[in-house]
Amino acid sequence: MTLKHYCKYLVLFIALALATTSNAVPLTFEVSGTISDKILNSSNYETVSLSHPEWNGLEVTGTLSLDLERLAINHQTTSEVTLHNKEDEPNRRADWMSFEITNPDGSNILISDSTPIYPDPDSYPPANDASTFLTHYVNDSAFYVSRDYSAFLEPYPRNYFYIALLAMGGNADKLTTGADYYNAMIYPEFANINNWAHVAQFNEAGVGHEYYFTITSLKRSEVEVSEPSSLLILMSGLLLILLRKLDTL
């Protein structure tokens with residue numbers, strides 16, 4: 001290969017690398033709700049226990065993070081259903097999902113595997129799991145999320161989060177606007193069958209928090225795609241000039 005051809009291929013490679021720089025960021029949903037000892041489950045209001053009864057009726061806010069770009073497979077099956085499940089992934093990873101919520105006392109709960117625990121949740125049977133699905137039908141729409149990072153063979157430590165939103169009937173199609181996570185809007189006020197979230201986090205000694213809350217808002221955060229920097233634009237221009245120079249040799 002001549003020096004001319006070598007330089008030409010090098011310029012093309014650098015230009016391609018600059019053009020394909022990834023700006024992908026995890027999807028985030030801002031979640032808010034009201035802690036309650038009565039939740040809408042299977043069309044009925046079910047009484048549940050709270051580790052801090054004094055929190056009943058208080059507001060909580062949290063952030064759900066879904067890094068779907070890290071998954072090996074696109075699980076969208078139809079235009080009405082999208083499923084992401086660790087069990088269907090070749091690498092069976094669960095670290096693409098995390099949830100953080102602020103308790104009424106100002107403390108935070110983080111449900112993720114960013115802080116390793118013992119016994120290892122990935123030991124058999126595993127308790128490091130993540131799954132979510134989004135559906136949009138005329139008479140049946142749903143949004144479910146589950147994240148578990150716990151010591152399965154022991155009662156503690158426990159790290160668990162679950163969202164259940166389900167609507168059926170005439171207004172079911174108003175709960176979700178589609179099955180595409182990147183574009184769908186979710187309106188929990190139309191959930192008439194299930195509307196609840198469950199949070200639990202306990203340390204090795206069994207000390208921690210556990211409560212349910214009714215979801216009042218679940219909004220996808222809009223992510224601004226960064227514009228190319230001035231340096232990147234300058235480098236691209238110089239590479240194009242160099243490429244044209246090489247063509248004239």
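Guide: A residue counts as buried when its relative accessible area is under 20%, as exposed when that area is over 50%, and as partly exposed in between. By that rule Lys86 is buried, because its relative accessibility is 6%. The model is a predicted one.

Lys86 has a charged partner: its side chain meets that of Asp122 in a salt bridge, with 4.0 Å from N to O. The two come from distant parts of the chain, 36 residues apart, with Lys86 in the loop between E5 and E6 and Asp122 in the loop between strand E7 (108-111) and strand E8 (128-136). Asp122 has a relative accessible area of 45%, so it is partly exposed.

The structure holds five salt bridges in total. Another of them joins Asp95 to Arg70, where the closest N and O atoms are 3.3 Å apart. Asp95 sits in the loop between strand E5 (81-85) and strand E6 (97-102), and Arg70 in the loop between strand E4 (59-66) and E5, a separation of 25 residues. Here both ends are partly exposed: Asp95 has a relative accessible area of 29%, and Arg70 has 35%.

Asp113 and Arg147 make a further salt bridge, at 3.9 Å from N to O. Asp113 belongs to the loop between E7 and E8, while Arg147 lies in strand E9, 34 residues away. Asp113 is partly exposed, with a relative accessible area of 25%; Arg147 counts as buried, because its relative accessibility is 0%. Some salt bridges share partners, and these join Arg70, Arg93 and Asp95 into one network.

Arg220 can be followed through its polar contacts. It lies in strand E12 (residues 208-220) and is buried, with a relative accessible area of 12%. A polar atom of the Arg220 side chain is 2.5 Å from the backbone oxygen of Ala184, and the backbone oxygen of Asn183 lies 3.4 Å from a polar atom of that side chain. Leaving aside residues up to four places away in sequence, Arg220 touches Leu27, Thr28, Phe29, Tyr181, Tyr182, Asn183, Ala184 and Met185.

Now for the rings. There are eleven aromatic pairs in the structure. Tyr144 and Tyr162 form an edge-to-face pair, with centres 6.3 Å apart and 75° between the planes. Tyr144 is in strand E9 (residues 140-149) and Tyr162 in strand E10 (residues 158-168), so their pairing ties together parts 18 residues apart in sequence. Tyr144 is buried at 13% relative accessibility, whereas Tyr162 is partly exposed at 22%. Tyr156 and Phe202 form a tilted pair, 5.5 Å centre to centre with 55° between the planes. Tyr156 is in the loop between E9 and E10 and Phe202 in strand E11 (residues 194-202), so this pair ties together parts 46 residues apart. Phe202 counts as buried at 10% relative accessibility, and Tyr156 as partly exposed at 32%. Ring pairs also link Phe133, Tyr144, Tyr160, Tyr162, Trp196 and Tyr212 into a cluster.

How values were computed:
Residues numbered from 1 in each chain as written. Predicted model: local features only at pLDDT ≥ 70, side-chain atom pairs only at ≥ 80, totals over all residues. Heavy atoms only, no water. Helix = DSSP H or I, 4+ residues; strand = E, 2+ residues; numbered from the N terminus. Buried < 20%, exposed > 50% of the residue type's maximum accessible area, 1.4 Å probe, protein only. Polar contact = N/O pair within 3.5 Å; in protein donor to acceptor, adjacent residues only side chain to side chain. Contact = heavy atoms within 4.5 Å. Phe/Tyr/Trp six-rings, centres within 6.5 Å; stacked < 30°, edge-to-face > 60°.
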